[in-house]
Amino acid sequence: MVMSMDYIAFIRDRIQQLRLSQGISERELSLRLGKGESYIQHISSARNLPALTALLEICEYFEITPAEFFDPELKNPNLVKKAMKEIQSLPEEDICF
C-alpha cells in the first residue's frame with residue numbers, strides 16, 4: 001500500500017509549522033531531537049518521513065499529543081493549551097456568558 005501524498009505533505013507541513021512557531025531552524029530541531037543536522041531538512045524536502053518513534057519524539061519535543069499533531073485545525077496547540085489552562089483557573093461564573 002502506498003501512502004497518500006496528502007498525508008506526506010501534511011506531516012511535512014505540520015512539522016514545519018510547529019518548528020516555525022518556536023522560531024527554530026531545521027538544523028536546530030534536528031540536533032535537539034538527537035538526530036543528524038540535516039534530519040528535519042530531509043523531512044521538509046520530502047526525501048524522508050519520520051519513523052513512528054521519531055514522530056512521537058517530535059510531539060514530545062513540542063509538548064503536544066499525536067492527536068494534536070494530526071489536528072489540522074490546531075494552528076498553535078501550545079497556545080490553545082495555555083488558554084485552556086487559564087480558562088480552567090477561572091471561577092465558573094466568569095466563564096459562563
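A: Start with Arg19, which sits in helix H1 (residues 5-22); helices here are DSSP runs of H or I with at least four residues, numbered from the N terminus. The model is predicted, so local features need pLDDT of at least 70 and side-chain atom pairs count only at pLDDT 80 or more, while totals for chains, interfaces and linings use all residues. Residues are numbered from 1 along each chain as its sequence is written, and side-chain values use heavy atoms, with hydrogens and water left out.

Arg19 is buried but has no salt bridge, and its nearest side chain of opposite charge, Glu26, is 4.0 Å away. Buried means under 20% relative accessible area, exposed over 50%, and partly exposed in between, with a 1.4 Å probe and protein chains only. A salt bridge requires a side-chain nitrogen of Lys or Arg within 4 Å of a carboxyl oxygen of Asp or Glu. Lys and Arg count as positive and Asp and Glu as negative; His and the chain ends are not counted. A polar atom of the Arg19 side chain lies 2.8 Å from the backbone oxygen of Ile24. Leaving aside residues up to four places away in sequence, Arg19 touches Ile24, Ser25, Glu26, Leu29, Ile40 and Phe62, where contact means heavy atoms within 4.5 Å.

Elsewhere the charges do pair: the structure holds 4 salt bridges. Side chains of opposite charge can pair when their charged atoms come close.

One of the bridges joins Glu37 and Arg27, with the closest N and O atoms 3.5 Å apart. Glu37 lies in the loop between helix H2 (26-32) and helix H3 (39-44) and Arg27 in helix H2, so this pair ties together parts 10 residues apart in sequence. Glu37 is partly exposed at 49% relative accessible area, and Arg27 is partly exposed at 47%.

Another bridge is formed by Arg32 and Glu28, at 2.3 Å from N to O. Both residues lie in helix H2, 4 residues apart, about one turn of the helix. Arg32 has a relative accessible area of 48% and is therefore partly exposed; Glu28, at 27%, also counts as partly exposed.

Glu57 and Lys35 form a further bridge, their closest N and O atoms being 3.5 Å apart. This pair links distant parts of the chain, with Glu57 in helix H4 (residues 52-61) and Lys35 in the loop between H2 and H3, 22 residues apart. Glu57 is partly exposed at 36% relative accessibility, and Lys35 is partly exposed at 28%.

Methods: Helix = DSSP H or I, 4+ residues; strand = E, 2+ residues; numbered from the N terminus. Polar contact = N/O pair within 3.5 Å; in protein donor to acceptor, adjacent residues only side chain to side chain.
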